[in-house]
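Please look through the sequence and the structure below before reading on. The text then goes through a few local features one after another.

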Amino acid sequence: MTRTDIHGVKIHNVTMREAVRLIQTWVEEESRVPRAVFTPNSEIIMQAQRDPEFKELLNSADLLVPDGAGVILASKILKTPLKEKVSGIDLTKNLFREFAGKNISFYILGAQPGVAEMAAVNLIAEYKKIKIAGYDHGYFKPEEEDDVIQRINSAKPDIVLVGMGAPKQEYWINRNMYRLNCKVLIGIGGSIDVFAG
Ligand code: UDP
């Protein structure tokens with residue numbers, strides 16, 4: 001999988017279909033450490049300019065998809081064009097559509113109290129056979145973090161969707177992925193609010 005360097009952020013050159021397939025492969029294989037997927041848009045790439053630690057963290061992810069027309073345009077200007085836009089919200093919707101009925105479960109973590117639950121209700125209504133293993137809001141205190149981790153681990157989801165905004169969600173995933181009992185973590189920004197309607 002080739003990568004396109006946009007101001008030091010090395011985005012993977014994948015189509016939506018390839019990204020979904022790759023995530024499915026990761027869910028289905030035995031792996032000791034979960035995979036991290038981040039979805040940088042132009043704003044996140046700008047944030048990474050100001051924060052070298054954040055840039056390094058992004059580049060260490062297993063998959064960085066191009067979230068937005070701005071990223072695609074930049075890749076064309078740099079003469080290393082990325083194949084297509086793969087936004088976080090569209091990727092998540094494609095995963096729901098593809099994995100509903102496949103026994104692959106999701107945990108929704110983030111947004112204000114009550115919102116993740118509303119999102120879960122709406123997703124079950126829309127995607128019928130989707131498996132939501134659990135949900136939690138994203139405004140827990142540092143001392144509550146262990147309880148959150150424990151709830152996720154008891155729920156044993158395949159995929160944890162973390163919507164706490166950038167760069168908070170990326171730092172959170174990077175810090176906690178090694179003690180999470182799941183296959184893939186994805187930073188999805190404000191998507192939980194959108195799913196909640
Ligand atoms: N959020 C959260 N915990 C926090 C801060 C933010 O769960 O400590 C949630 C917030 O409620 C919203 C999302 O993170 O659902 C951030 O959305 P935003 O649109 O700002 O993020 P972006 O998509 O721009 O990364």
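This is a predicted model: local features need pLDDT of at least 70, side-chain atom pairs count only at pLDDT 80 or more; totals for chains, interfaces and linings use all residues.

With a relative accessible area of 56%, Asn103 is exposed. As background, most residues other than glycine have a negative phi, and most peptide bonds are trans.

The peptide bond between Ala166 and Pro167 is cis, with omega at about 5°. Pro167 belongs to the loop between strand 7 (159–163) and helix 8.

The next stop is the ligand. There are 13 residues around the ligand, and those that come nearest are Ala111, Gly138, Tyr139, Lys168 and Asp193. By class, this shell is made up of four nonpolar, seven polar and two charged residues. Lys168 places a polar side-chain atom 2.6 Å from an oxygen atom of the ligand. For Asp193, an N or O atom of the side chain is 2.6 Å from a ligand oxygen. Gly165 takes part through its backbone, where a polar atom is 3.2 Å from an oxygen atom of the ligand. On its own the ligand exposes 550 Å², and the protein buries 66% of that area.

Which residues of helix 2 are buried? In this helix, which spans residues 42–50, they are Ile44, Ile45, Gln47 and Ala48. These residues lie on the same side of helix 2 because they cover an arc of only 155° around the axis. On the other side of the helix, Glu43 and Arg50 are exposed.

What do the buried residues of helix 2 pack against? Their partners are strand 1 (3–6), strand 2 (9–12), helix 3 (52–59), helix 4 (69–77) and helix 8 (168–176). At the N-terminal end, helix 2 is capped by Asn41. A side-chain oxygen of Asn41 lies 3.2 Å from the backbone nitrogen of Glu43.

Conventions
Residues are numbered from 1 along each chain as its sequence is written. Side-chain values use heavy atoms; hydrogens and water are left out. A residue is near a molecule or strand if one of its heavy atoms lies within 4 Å of it. A polar contact is a pair of N or O atoms within 3.5 Å; within protein, one must be able to donate a hydrogen and the other to accept it, and residues adjacent in sequence count only if both atoms are side-chain atoms. Accessible areas come from the Shrake-Rupley method with a 1.4 Å probe; for residues, only the protein chains shown count as cover. Ala, Val, Leu, Ile, Met, Phe, Trp, Tyr, Cys and Pro count as nonpolar, Asp, Glu, Lys and Arg as charged, and the others, Gly among them, as polar. Buried means under 20% relative accessible area, exposed over 50%, partly exposed in between (1.4 Å probe, protein chains only). Helices (H or I, at least four residues) and strands (E, at least two) are DSSP runs, numbered from the N terminus. The arc is that of the directions from the helix axis to the C-beta atoms. Contact means heavy atoms within 4.5 Å.
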